[in-house]
Amino acid sequence: MRALLWSVLLSFVVVAQAADWQEYKTDGVTTVEYRHSESSLLQLRATTKVPSLTGAFLHLLEDTESISSWAQNTEKAVLLAQPDSQTHVVHTYFTAIWPVSKRDMITQSSWQQDPTSGVLTMTVSDMGQHFPPEQGYVRMQQVQGSWTLTPLENGLLQIQYQGQADPAGKLPQFIADKVALKALFKTFSGLEKVLLDYQQPYATVLEQ
């Protein structure tokens, strides 16, 4: 009986370890980690620290016309709707990188800020099922994500993203994973530089 119990406990430990985050790459400031869900879907987590206002990051996200200049592998983004000042529905198009076909996704992002800590959180949800497919693009599925912007001392801002997306289509998982991880690390590594052009107060954001 004791041996059986021990084997069961070991199996739980193995499962827990399999779900732990694994480091893909770090440069001491930016870190990208990954793991796979029970359905083998790639889940990503990226963290970096930059000297920046919290509101600057919102200005960056709302500048959809410039997305291809900082978000890796993006072609363009189009604002489809803005139900309120803190919610945006955006259609994002991704470039084709051999052997990956062009892809697109439609997401709704909604943010809120804790007035005490100044931490701003943004939830990203999939809206692709509510819109017709785009010719020439494979519609990504199961898109989920969250951004957390945490003000730190000395004017630093910690930016963290965690999310997942099914690239859909006939694409080997190891290729999809490699493309996603590489793009995310390059995007986060470049945030400090790109945010320099967006250091403006955001009307409804409290700066610590």
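This is a predicted model: local features need pLDDT of at least 70, side-chain atom pairs count only at pLDDT 80 or more; totals for chains, interfaces and linings use all residues.
Strand S9 covers residues 141-151 and runs antiparallel to strand S7, residues 120-126, with six bridges joining the two. Strand S9 also pairs in the antiparallel sense with strand S10, residues 156-166, over nine bridges.

**The hairpin of S9 and S10**
- Strands S9 and S10 form a hairpin, and four residues lie between them.
- Within the turn of this hairpin, Asn154 has a positive phi of about 60°.

**The overall arrangement**
- The protein has four helices and 10 strands, and read from the N terminus these elements follow the order α-β-β-β-α-β-β-β-β-β-β-β-α-α.
- Among the contacts in the protein with a separation of 6 or more, 55% are between residues 24 or more positions apart.

**Burial and surface**
- Of the 208 residues in the protein, 39% are buried.
- The protein exposes about 12200 Å², and 55% of this area is supplied by carbon and sulfur atoms.
- Val78, Leu80 and Phe131 make a nonpolar surface patch of about 210 Å².
- Val78, a member of that patch, lies in strand S4, which spans residues 74-84.
- Because its relative accessible area is 34%, Val78 counts as partly exposed, a class that lies between buried, under 20%, and exposed, over 50%.

Technical notes: Residues are numbered from 1 along each chain as its sequence is written. Side-chain values use heavy atoms; hydrogens and water are left out. Buried means under 20% relative accessible area, exposed over 50%, partly exposed in between (1.4 Å probe, protein chains only). Contact means heavy atoms within 4.5 Å. Accessible areas come from the Shrake-Rupley method with a 1.4 Å probe; for residues, only the protein chains shown count as cover. Patches are made of residues with over 30% relative accessible area and no salt bridge: like charges are joined within 9 Å, nonpolar side chains (Val, Leu, Ile, Met, Phe, Trp, Tyr) within 5 Å. A salt bridge is a side-chain nitrogen of Lys or Arg within 4 Å of a carboxyl oxygen of Asp or Glu. Two strands pair if DSSP finds at least two bridges between them.
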